[in-house]
Amino acid sequence: MPDVPSVRVTGRWTAALSLATLAVFMAFFTPIQILLPLQLAHVDAASKASALAWVTGFGALVALLANPLAGALSDLTTSRFGRRRPWIAGGALAGAVGLVLTSHQQSVPGITAGWCLAQAGLNAMLAGVTAPVADQVPVGQRAAVSGWTGITQSLGLVLGALLVTTVTDDVGSDYLLIALLTVAFALPYTLCFSEPLLPRRSRRPLRPVLLLTGLWVSPRRHPDFAWAWLSRFLINLGNALGTLYLLYYLTDEVHLRDPDSGVLILTLLYTGAAACTAVPVGVVSDRLGRRKPFVVGCSVVMAAAALMLATAHSWPAVMAAAVVLGAGFGVYIAVDQALVTQVLPTAENRAKDLGVINIANSGPQVLAPALAAPVVAHLGGYPALYVVTAGVTVAGGVLVGRIRGVR
């Protein structure tokens, strides 16, 4: 298996991988943004904000370990179905079971346990759907393909929000529907496309100690990887700070009569703007062979959106901010993912290294509640929270300039 792929992937392949990726993010974000807040408001209305912080925080802690471990095991998988597809299918099933169990819980600890199981399965699936871009897509096509797969991050929430607000009116049924679709959307890629098998000469024994110690990637030996990780961590921390209390922000600060529908409208605007920028800018990035200027620019755009939320609390201003944020994030998800695939230390550990990178996605979910809750409660409320969001996002964009091996 060549270290750098040279054969361009087809549109059908990209569509199937994007659908599987859509399943992951639909199952991640629909509970976080809608189902868990509603469920927790019913279970403990007085402490709903802190309860949401505990549930999402513990889930993110599970993700911190599950994603890179699943990636490392995926790198060692010798199945005749390939290295990634078994983890996509198995993770989808485990995640679906976790969602169904979560739906039946009537206490904060029970909801936390169910969500942690869902996170473990979904992060195994995420490890599987992330690696094929580095495995099979040429460098000159990666930003465009990453644009398509990246759009599914916000599209997953849109689809999930549409389903849970229009198809059913019961939180338990909503969880079940999302669980079933998670498995169904994983099937086209896992059943219809083959992938390179791990050659015998590259097969390594499974040693638990080496597996765990191998999760560490030395910043001294691989500085570009370290800077890419830190940049992604900060930008995702900004995103987590800005979205964690979105439902409560619309309720308590904007005083929107129907905040559930408001979240759906904002998500539609955000996703539409992201779709308009992700693939076109990804194509431009591929043609120019440039990544860093795009990441820096989009971080400034996303910070501007956060400042709009901090200073204007009217519904029209919030909608405008959603469009600006979506436009910036669309560029980010396409170009930064392509950049990351170009700073991976080794070809044989791609999924593990991408799992380590994905800690920069899930880690902020752990830290954001700890930062956001005291800011909202004691340090200036929602305006202060969005000012912090803007500062963290810009800092993440600036650090991309420290990467030397990618233009």
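Me: How do the residues lining the second largest cavity divide into nonpolar, polar and charged?
Reply: This is a predicted model. In it, that lining has 8 nonpolar residues, 2 polar ones and no charged ones.

Me: Which residues line the second largest cavity?
Reply: The lining is made of I32, Q33, P37, L52, T243, L244, Y245, L246, L247 and Y248.

Me: And which elements give two or more residues to that lining?
Reply: Two helices do: α1 (11-43) and α9 (246-252).

Me: How much space lies in the second largest cavity?
Reply: About 40 Å³.

Me: How many cavities of 30 Å³ or more turn up in the whole structure?
Reply: The search finds 3.

Me: How does one spot empty space in a model anyway?
Reply: A probe the size of a water molecule is rolled over the atoms, and that shows where empty space is left.

Me: Now the surface. Which residues make the nonpolar patch?
Reply: W54, F58 and L61 make a nonpolar surface patch of about 330 Å².

Me: Where is L61 found?
Reply: L61 sits in helix α2, which covers residues 48-76.

Me: Why does L61 count as partly exposed?
Reply: Its relative accessible area is 42%.

Me: Switching topic. What stands out about phi of H255?
Reply: Phi of H255 is near 60°, a positive value in a residue other than glycine. As background, most residues other than glycine have a negative phi.

Me: Where does H255 lie?
Reply: H255 is in the loop between α9 and α10 (259-288).

Me: Is H255 buried or exposed?
Reply: Exposed, because its relative accessibility is 60% and the exposed class starts over 50%.

Me: What about T190, buried or exposed?
Reply: T190 is buried, at 11% relative accessibility. T190 belongs to helix α6, residues 171-192.

Me: How far apart are T190 and M26?
Reply: They are 164 residues apart in sequence. In space, C-alpha to C-alpha, the gap is 18 Å.

Me: Last one, D224. Which helix is D224 found in?
Reply: Helix α8, residues 223-243.

Me: Why does D224 count as buried?
Reply: D224 has 17% relative accessibility. Buried means under 20%, so D224 qualifies.

Me: And what separates D224 from W87?
Reply: Along the chain, D224 and W87 are 137 residues apart. Their C-alpha atoms are separated by 28 Å.

Notes: Residues numbered from 1 in each chain as written. Predicted model: local features only at pLDDT ≥ 70, side-chain atom pairs only at ≥ 80, totals over all residues. Heavy atoms only, no water. 1 Å grid on protein atoms, 1.4 Å probe; cavity = no way out; pocket = protein on both sides within 12 Å on 5 of 7 lines; lining within 4 Å. Points joined across faces, edges and corners; volume = space filled by probe spheres on them. Helix = DSSP H or I, 4+ residues; strand = E, 2+ residues; numbered from the N terminus. Nonpolar A, V, L, I, M, F, W, Y, C, P; charged D, E, K, R; others polar. Patch = residues over 30% accessible without salt bridge, like charges linked within 9 Å, V, L, I, M, F, W, Y side chains within 5 Å. Areas by Shrake-Rupley, 256 points an atom, 1.4 Å probe, with all protein chains shown as cover. Salt bridge = Lys/Arg side-chain N within 4 Å of Asp/Glu carboxyl O. Buried < 20%, exposed > 50% of the residue type's maximum accessible area, 1.4 Å probe, protein only.
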